[in-house]
Every structure is written in structure tokens, then in C-alpha cells.
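Student: I've got a model open and would like to talk through some of its contacts. Can we go through it piece by piece?

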Amino acid sequence: QIAAHEGKIAVDVPLLARFFQCLIGPHRALAGSTPHRKLHRHDGQAQNDQKEQVGDRLKDLHDNFETTYQAVLDMIKCNDTAKARTMIEELIASVEGRYVNDDKNIYLSLNHIMELYEYSYYFKTDRNIKCTDVMYNEYYRTYAQLLCATGEYGKALDACNTALEWNPVDLESHLQLAEVYILMGNHDEEYRQATENAYRYC
């Protein structure tokens, strides 16, 4: 664990593919799947094997999300925004509800470890800060871009705000929000605030 200010920043499991995408321990559905056994000298190895199996399952799930998201980016490069939008909406729907904040924990979708320190500095909390293994922030930011491409600025605004809920210190999300306000027009004050927030996290 890493401690900062009043709250605690909990990093509970090994780093995965990205700089700071954390797995928050075994999922509840997998917990307790091994029957109780009497302890003997091989238990240590058995427990390590079980942890590796759980880790492999979660990594496969994580890699599936990554593969789908990469396909979305490929569709955008090919200017097939309609297909990209359908795919990102399905991806978001498939990962929603996996992490729920409560009185003790707050879940964030961070890009790298420095954002952890930025968050702990600007947002004081007594709750444990835990990182998701799902890139919610990036998914919603990309979704906002696709919505802007079709002129659905109200929905794009909602997507930007959701991206910032998952990662309040993400510079690109603040810049995306500022762009949405420009496209909407007549939102000078909101645009000014968005750019000020972006400058804070440069």
C-alpha cells in the first residue's frame, strides 16, 4: 500500500499491461472456489497456483476488453464512426457496474501512477483509492469524440462528465470537455472553467 495525506491509497495487486492498471484482487465470483483443505507442506504451492489461475482468468478478461477497444480505434482510423460507436456502446454496457463506490472505497480509472498522486493532492478523501482494470475514462472520452462527430453534443457532454468521474485529473478528458463546449456554442463560462481545469493537470 501507498499512503498519502489523510486517506489511504490502496494498490492491492500487481501492475498489468498499462503503467497503472491494477487488478483489485480476485473477483467475488471466483472467491472461495477452492474447497477447504487441511494445511500441509504443499499448501503454499497450491495457493500460489490458485492465485496464478485467478490472475490468468482476469488477465484474459482484461485483454478481451483491450482487444475490443483496439478494434474501436481501428474503426475510427477507417472513418467508420457508425461501427465504432456501436462497438464502444456495447463495450461500455459490458463493463458497467463492475466497480461501485461505497463509504470505504472509491474506484478510479487512471492512466499512470502520477495521476494517483495528483488525485490525492487535489481531492482529499478518507476512503481507500483503488484502481480499476477497466479503462472507463478512456472509453467514455472516446465515446464523447464519436458523439461529437454526429453532432450529439448533449450526449457528448454527459460522456465527458462520466469520463471525468472515473478520472478527475485526466488532462485529455478536460480538453475534450472544453471542445464540446466550443461546439455547443454560447458556453463561454463553461469553456473557461474547463480550460482552467485542464491547465491545472498539464
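Student: Which backbone nitrogen does the side chain of Ser-109 reach?

Tutor: A quick note before that: this is a predicted model, where local features need pLDDT of at least 70, side-chain atom pairs count only at pLDDT 80 or more, and totals for chains, interfaces and linings use all residues. Residues are numbered from 1 along each chain as its sequence is written, and side-chain values use heavy atoms, with hydrogens and water left out. Ser-109 sits in the loop between strand 3 (105–108) and helix 3 (113–122); helices (H or I, at least four residues) and strands (E, at least two) are DSSP runs, numbered from the N terminus. At 3.1 Å, its side chain reaches the backbone nitrogen of Tyr-136.

Student: Is Ser-109 buried or exposed?

Tutor: The scale is relative accessible area: buried is under 20%, exposed is over 50%, and partly exposed is in between (1.4 Å probe, protein chains only). Ser-109 has 2% relative accessibility, so it counts as buried.

Student: Which backbone oxygen lies 3.3 Å from a polar atom of the side chain of Ser-109?

Tutor: Look through its contacts (heavy atoms within 4.5 Å). Leaving aside neighbours within four places in sequence, Ser-109 touches residues including Thr-132, Met-135, Trp-166 and Asn-167. The backbone oxygen at 3.3 Å belongs to Val-134.

Student: Asp-133 is in the loop between strand 4 (128–131) and helix 4. What is the distance of the polar contact that joins the side chains of Asp-133 and Tyr-99?

Tutor: Asp-133 is buried, because its relative accessibility is 2%. Asp-133 and Tyr-99 are 34 residues apart in sequence, with C-alpha atoms 9.8 Å apart in space. A polar contact is a pair of N or O atoms within 3.5 Å; within protein, one must be able to donate a hydrogen and the other to accept it, and residues adjacent in sequence count only if both atoms are side-chain atoms. For the side chains of Asp-133 and Tyr-99, that contact is 2.2 Å.

Student: How do the axes of helix 4 and helix 6 cross: roughly parallel or roughly antiparallel?

Tutor: The axes of helix 4 (residues 136–149) and helix 6 (residues 171–184) come within 10 Å and cross at roughly 20°. Angles under 35 degrees count as roughly parallel, over 145 as roughly antiparallel, 65 to 115 as roughly perpendicular and the rest as oblique. So helix 4 and helix 6 are roughly parallel.

Student: Which side chain joins that of Ser-173 in a polar contact of 2.5 Å?

Tutor: Ser-173 lies in helix 6 and is buried, with a relative accessible area of 1%. The partner at 2.5 Å is Asp-170.

How values were computed: Axes are lines fitted to C-alpha atoms, for helices over the stretch in contact, and angles run from 0 to 180 degrees between N-to-C directions.
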